[in-house]
There are 2 protein chains.
Amino acid sequence: MVNKLVIEKFLNDFSCTCKNVQKKSFKKNQTITTYIQKRNQICIILNGSADLVRYDLNGDKSIIEHFTKNDIFGEAFYIVTTNNELSVEAKTNCEVLFFIYDNIHQKCTNNCKFHQTLSENFSNLILNKVMDLNTRIEILTKRSIREKLRGYFNILSTRNLNQTFSLPFSLTDLADYLSVDRSAMMRELKSLKDEGFIKKNGNKITLLYK
Amino acid sequence: MVNKLVIEKFLNDFSCTCKNVQKKSFKKNQTITTYIQKRNQICIILNGSADLVRYDLNGDKSIIEHFTKNDIFGEAFYIVTTNNELSVEAKTNCEVLFFIYDNIHQKCTNNCKFHQTLSENFSNLILNKVMDLNTRIEILTKRSIREKLRGYFNILSTRNLNQTFSLPFSLTDLADYLSVDRSAMMRELKSLKDEGFIKKNGNKITLLYK
DNA sequence: TGTTTTTTGTTGCTTTTGCAACAGAAAATG
DNA sequence: CATTTTCTGTTGCAAAAGCAACAAAAAACA
């Protein structure tokens, strides 16, 4: 099992003397980075939260990913096409580490301790990301809104070791995460309640089915 | 940019004397592995192809991922829930490398060269996987079959540096990859043709729009 | 604390998608 | 190379999902 605590501890202790890793602060609604597929850049969010948003040719915006503490992102993970623009926007004030993928496994000239630890933990960081992405795909491949909701609720319930759990974001954002129309999702949520599959109280959900 | 050729070369030269990495052969339709979240296992397919399939509680089967040469997969990438069973089935005869994630970065007692190279290239292998997964999510988040098709065709066209490209799998599998009903997809494909957005000849597609 | 903005909850109507079923073409198999 | 299996292409109909719009509740903000 990948140890999340180890990663968290090491990121908390950030203090890098080399110029290969940089820390920057952002205010709410600022653009953290735009994916341009030139720099092979990778970012780790140390605190706060941010969204990866896509603007398509019509100017329509949609949220692709939501990042919180210790999440890793960046253009290095994307094959950037010309059909839309990807950028990461701060949802709250936040601090972010920036570095270039190709430099990770290179030794710093000043033997920077943090940089070395980053190199050692990098696989773990990405592995966590792969798991998150697989989870998302697992849910997105379900064919109906009902199945998406149930699939996602199952995962949250398993993670929380409890039939009751809180949604990690608003219902509006949930619809976006599941990639469905919000009103249609609300309708389905209502049927799930009416048919006795779930109980809902604010953003707390309880599963009533096996 | 991650160098696919380097990875390919190194996998071609597989010869590991340690018992941490094992190579096994499979016949078409054999089960390569089942995800049970106990071993933290990782696999690399050296040749042939395989599918990651999910059987849900009703026994319905669906294809989650399709693996070909040099793809990496395994239970280490998944949070396994009790609601369905994941297994990888050989689509053709194939050869697969098996190892345990936790052992990758450990030095072999017999200083196995391959094992060392695996460790060095591991980040690259996963990075490629992350890019594939992000591509898939990019497509799955599109709201209509038409947008999914166009999004996917754009990616194939960009990758091929050409308005014309071959589909990497059958139309039946394409519907599965986009996670939509096959007949509905065929209908949409027909309209795209009729409306002059694409040309289709067997499994070759040409984009006629910008 | 009063005001503005965002989120929730709901509905009627339209469009899209899925389902079931079938026939012909193509591919795989023994 | 004859036969079985898979894949393609198509359709009518039913069900699900999207869209637009609005009011009430909650949250953010100044």
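**Reading DNA surfaces, helix packing and a sheet**

Q: Which helices each supply at least two residues of the surface near DNA strand C?
A: Two come from chain A, helix 4 (171–178) and helix 5, and two from chain B, helix 3 and helix 5. The model is predicted, and the description below should be read with that in mind.

Q: Which element gives the most to the surface near DNA strand C?
A: Helix 5 of chain A does, with 4 residues. In total 16 residues surround DNA strand C, and the closest are A:Leu171, A:Ser183, A:Met186, B:Ser144 and B:Asp181. Sorted by class, this surface has 5 nonpolar, 5 polar and 6 charged residues.

Q: Which residues are closest to DNA strand D?
A: They are A:Ser144, A:Asp181, B:Leu171, B:Ser183 and B:Met186, among 16 residues that surround DNA strand D. The elements giving two or more residues to the surface near DNA strand D are helix 3 and helix 5 of chain A, along with helix 4 (171–178) and helix 5 (182–194) of chain B. Helix 5 of chain B gives the most, with 4 residues.

Q: How do helix 3 and helix 5 of chain A pack, and at what angle?
A: Helix packing is read from the axes. For helix 3 (residues 145–160) and helix 5 (residues 182–194) of chain A, the axes are 9 Å apart and the angle is about 70 degrees. Angles of 65 to 115 degrees count as roughly perpendicular, so helix 3 of chain A is roughly perpendicular to helix 5 of chain A. Their crossing is right-handed.

Q: Which residues of helix 3 and helix 5 of chain A meet?
A: Helix 3 of chain A brings A:Ile145, A:Arg146 and A:Leu149, while helix 5 of chain A brings A:Ala184, A:Met185, A:Glu188, A:Leu189 and A:Leu192. By class, the residues of this contact are 6 nonpolar and 2 charged, with no polar ones.

Q: What is the strand order of the open sheet of chain A?
A: Strands of a sheet pair through backbone hydrogen bonds, either parallel or antiparallel. Here the order of the 4 strands is 1-8-3-6, with antiparallel pairing. Strand 1 (22–26) and strand 6 (72–73) of chain A are the edge strands, each pairing on one side only. Strand 1 of chain A is joined by 5 bridges to strand 8 (residues 94–100) of chain A, and the two run antiparallel. One bridge partner pair is A:Lys23 with A:Leu97 in strand 8 of chain A.

Q: How many residues does each chain give to the contact of chain B with chain A?
A: Chain A and chain B give 29 residues each. On the chain B side, strand 5 (61–68), helix 2 (113–140) and helix 3 (145–160) each supply at least two residues. Helix 2 of chain B gives the most to that side, with 13 residues. The side of chain B that touches chain A has 15 nonpolar, 11 polar and 3 charged residues.

Note on methods:
Residues are numbered from 1 along each chain as its sequence is written. Chains are lettered from A and ligands numbered from 1 in the order in which they are written. This is a predicted model: local features need pLDDT of at least 70, side-chain atom pairs count only at pLDDT 80 or more; totals for chains, interfaces and linings use all residues. Axes are lines fitted to C-alpha atoms, for helices over the stretch in contact, and angles run from 0 to 180 degrees between N-to-C directions. Angles under 35 degrees count as roughly parallel, over 145 as roughly antiparallel, 65 to 115 as roughly perpendicular and the rest as oblique. A crossing is left-handed if the near helix is turned anticlockwise from the far one by less than a right angle, and right-handed if clockwise. Two residues are in contact if their C-beta atoms, placed from the backbone, lie within 7 Å. Ala, Val, Leu, Ile, Met, Phe, Trp, Tyr, Cys and Pro count as nonpolar, Asp, Glu, Lys and Arg as charged, and the others, Gly among them, as polar. A residue is near a molecule or strand if its C-beta atom, placed from the backbone, lies within 6 Å of it. Two strands pair if DSSP finds at least two bridges between them.
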